[in-house]
Amino acid sequence: MKDRILSFVILWTLIIAVPALLGTTGIAMLFTVFALATQREIYGLLDKIGSKATIKLGLIAGLIHCIGAFYGHKVGITLAESFAFSVVFVIIAHLFRPVSKRTFSAIGATIFGLTLAPLMLSFFAPIIQTGGITLAVWVIATAKFADVGGLLTGMAIGRHKLAPNLSPKKTWEGVFGGIALSVIIGSGAVVLFPSHFPEALTFFPALFISMACAISGICADLFESAIKREAKIKDSGKLFPGIGGAFDLTDSLLLAAPVASVLFSLLTKA
């Protein structure tokens, strides 16, 4: 638990300090590093399952997409166009490699990792464009504090297992506790610091979106657990003591980011 708390403090210091010092460029670099690290670990898990990706090509494509996602809007390139270009790169690059019976499965595994990490995390780019760095940190907080609330509530009163075949320690009590903490933090931040958020993000929209981020984050965590269980490993890596690897850290954000981005888009256009 001490290692987990220390890693938690260090990571949140990075999340706050890097954007504060380097602005939008800093947070783009931070997301890119975590996206590529997560993508690399996903490829490692797929390899253990039997789906071997072309790792170097996948990571280059991931970098291409992250650059396009965070800076493409300046020249009119959308998130979809950036991702499509990175997929085209993967397919064309494989045409110049020796063809084997595993070529198509390698392309599929490579694009899967590209989709699950760089694409999903790149939805923070439109979130930043909508409400700045503060809104991105808000999404991270509402998604990740569902883990914290779930852990504490589960340890205290957890009795009913959520998905014992995937994650034996998760309980329904923990789920509700995690969602409650996310909602309190998400809606509370908007009420206490309204000038730091988009005008449309008032109490009730914040309550709903923070709940959606928490639920999608919990589902993403279960999805990662399913992959790790099939790969027969406990943690995706050892980058962060008490937490695990980059995938263990970003798992809840992989679904929370696109969900939040869509909801913010609907909110601002309403």
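1. What pLDDT does the chain average, and what percentage of the residues score at least 70? The model under review is predicted, and the average pLDDT of the chain is 90, with 96% of the residues scoring at least 70. Among the helices and strands, confidence is lowest in strand β2 (residues 167–171), where the mean is 82. Confidence is highest in helix α2 (residues 55–71), at 96.

2. The chain contains eight helices and two strands. Read from the N terminus, the order of the elements is α-α-α-α-α-β-β-α-α-α. The radius of gyration is 19 Å, close to the 18 Å that the globule rule gives for 270 residues, so the chain is as compact as a globular protein of that length. The C-alpha trace spans about 60 × 45 × 35 Å along its principal axes.

3. A student may then ask how the chain is packed. Of its 270 residues, 50% count as buried. Among contacts with a separation of 6 or more, 72% are accounted for by residues 24 or more positions apart. The chain exposes about 13,600 Å², and carbon and sulfur atoms supply 72% of that area.

4. Is S252 buried or exposed? S252 has its place in helix α8. Its relative accessible area is 0%, and because the cut-off for buried is under 20%, S252 counts as buried. Leaving aside neighbours within four places in sequence, S252 is in contact with A143, K144, D147, G217 and A220.

5. How far from V175 are the C-alpha atoms of L151 and Q129? For L151, which is 24 residues from V175 along the chain, the C-alpha separation is 8.8 Å. For Q129, which is 46 residues from V175 in sequence, the C-alpha separation is 31 Å. With neighbours within four places in sequence left aside, Q129 is in contact with A69 and H73.

6. V88 is partly exposed, with a relative accessible area of 42%. V88 and L267 are 179 residues apart in sequence, and their C-alpha atoms are 33 Å apart in space.

7. The last point concerns backbone geometry. Most residues other than glycine have a negative phi. What is the phi of K232? K232 is not a glycine, yet its phi is positive, at about 65 degrees. K232 is found in the loop between α7 (203–231) and α8 (246–269). The relative accessible area of K232 is 75%, and because the cut-off for exposed is over 50%, K232 counts as exposed.

Key. Residues numbered from 1 in each chain as written. Predicted model: local features only at pLDDT ≥ 70, side-chain atom pairs only at ≥ 80, totals over all residues. Heavy atoms only, no water. Helix = DSSP H or I, 4+ residues; strand = E, 2+ residues; numbered from the N terminus. Rg over C-alpha atoms; globule rule 2.2 N^0.38 Å. Buried < 20%, exposed > 50% of the residue type's maximum accessible area, 1.4 Å probe, protein only. Contact = heavy atoms within 4.5 Å. Areas by Shrake-Rupley, 256 points an atom, 1.4 Å probe, with all protein chains shown as cover. pLDDT = per-residue confidence, 0-100.
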